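These are my notebook entries on a structure that I had not examined before. I record what I looked up and what I found.

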Amino acid sequence: MPKLWNETIEEHRSAVRDATLDATAALVAEHGLMSVTMSRIAQETGIGRATLYKYFPDVESILTAWHERQVAHHLEQLEVVRDRITDPGERLQAVLEAYALILYGRHSHHGTDMAALLHQGPSITQAHERLLMLVRDLVGEGAASGALRNDVSADELAAYCLHALGAAAGLPSKAAVRRLVEVTLAGLRPAYRPVGDGTSTTWDGQGHEDRHHPRHDHRQHPGSGRP
């Protein structure tokens, strides 16, 4: 087959695929996952159903391809957020907030059964590993700088972040999502531990202790003559 002809066929296939996934994205955004059918996609794209079936055997395969593209796009978004900030603590917070808002923004379009279907497969597993590595590296940077705790491994803390922020999908507002991010970050910061003399010990992230005595009340106690 001539090279030019072969390239033309590949371009056509790519155009059909892109048009199909774009139409799927529009239908999901406007009507939800359950609205997507082969007939509606064919109608939206102007591609005949017979042609559509040559590229995708059923609507589930279209939804899976659309979801894989969406997940890849979200990962790219998170990497852009990461790369535009230099401070380790601020980088992690920005990435976690962006991730939580993505979960919040897409939850209304996914039915329970269909969401379970879309989150299967090797490509989704690979995407999750990529996300976990991204967060793990940021947690490691934060621990090395002293901004985050270092008494738990970065792998465990990254998994904690992703599980905790999964709750963003069911929250009622963006303000609630940001509060969830703050609560999640609080679990990453160096811990305070009380000691026997009434002071508290702050772990600075490098294994060093900084003792803080509780504040004294300087008001006069009735009848005592002294503070």
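**Entry 1**

I began with Ala127, which is found in helix H7; helices (H or I, at least four residues) and strands (E, at least two) are DSSP runs, numbered from the N terminus. The model is a predicted one, in which local features need pLDDT of at least 70, side-chain atom pairs count only at pLDDT 80 or more, and totals for chains, interfaces and linings use all residues. Residues are numbered from 1 along each chain as its sequence is written, and side-chain values use heavy atoms, with hydrogens and water left out.

Is Ala127 buried or exposed? Ala127 counts as buried because its relative accessibility is 14%; the class buried means under 20% relative accessible area, exposed over 50%, and partly exposed in between (1.4 Å probe, protein chains only). Leaving aside its neighbours within four places in sequence, Ala127 is in contact with Val71 and Leu75, where contact means heavy atoms within 4.5 Å.

I then looked up His74, which is found in helix H4 (residues 59-83). With its neighbours within four places in sequence left aside, His74 is in contact with Ile102 and Arg106.

**Entry 2: The whole protein**

I next read the overall layout. The protein has 9 helices and 3 strands, and along the sequence the pattern is α-α-α-α-α-α-α-α-α-β-β-β. Buried residues make up 33% of the 227 residues. Of the contacts with a separation of 6 or more, 58% are between residues 24 or more positions apart. The protein exposes about 13,600 Å², of which carbon and sulfur atoms supply 53%; accessible areas come from the Shrake-Rupley method with a 1.4 Å probe, and for residues only the protein chains shown count as cover.

**Entry 3: The nonpolar cores**

In soluble globular proteins, nonpolar side chains tend to be buried together. I therefore searched for nonpolar cores, a core being a set of buried Ala, Val, Leu, Ile, Met, Phe, Trp, Tyr and Cys residues joined through side-chain atoms within 4.5 Å. The largest has 31 residues, and those with the most contacts inside it are Leu92, Leu96 and Val135. The elements that give two or more residues to this core are H4, helix H5 (88-106), helix H7 (122-145), helix H8 (154-165) and helix H9 (174-186). H5 supplies the largest share, 8 residues. Another core, of 15 residues, lies apart from this one and has Ala42, Phe56, Leu63 and Trp66 among its members.

I also listed the partners of Leu96: leaving aside its neighbours within four places in sequence, Leu96 is in contact with Val135, Cys161, Leu165, Val181 and Leu185.

**Entry 4: H5 against H8**

How do the axes of H5 and H8 cross? They come within 10 Å and cross at roughly 35 degrees; axes are lines fitted to C-alpha atoms, for helices over the stretch in contact, and angles run from 0 to 180 degrees between N-to-C directions. In H5, Leu96, Tyr99, Ala100 and Leu103 meet Cys161, Leu162 and Leu165 in H8. The residues of this contact divide into 7 nonpolar, no polar and no charged; Ala, Val, Leu, Ile, Met, Phe, Trp, Tyr, Cys and Pro count as nonpolar, Asp, Glu, Lys and Arg as charged, and the others, Gly among them, as polar.

**Entry 5: Two loop residues**

Gly187 lies in the loop between H9 and strand E1 (192-194). At 25% relative accessibility, I recorded Gly187 as partly exposed. Beyond its neighbours within four places in sequence, Gly187 is in contact with Arg149 and Tyr160.

Asp58 lies in the loop between helix H3 (49-55) and H4. Asp58 has a relative accessible area of 31% and so is partly exposed. Asp58 and Met38 are 20 residues apart in sequence, with 7.3 Å from C-alpha to C-alpha.
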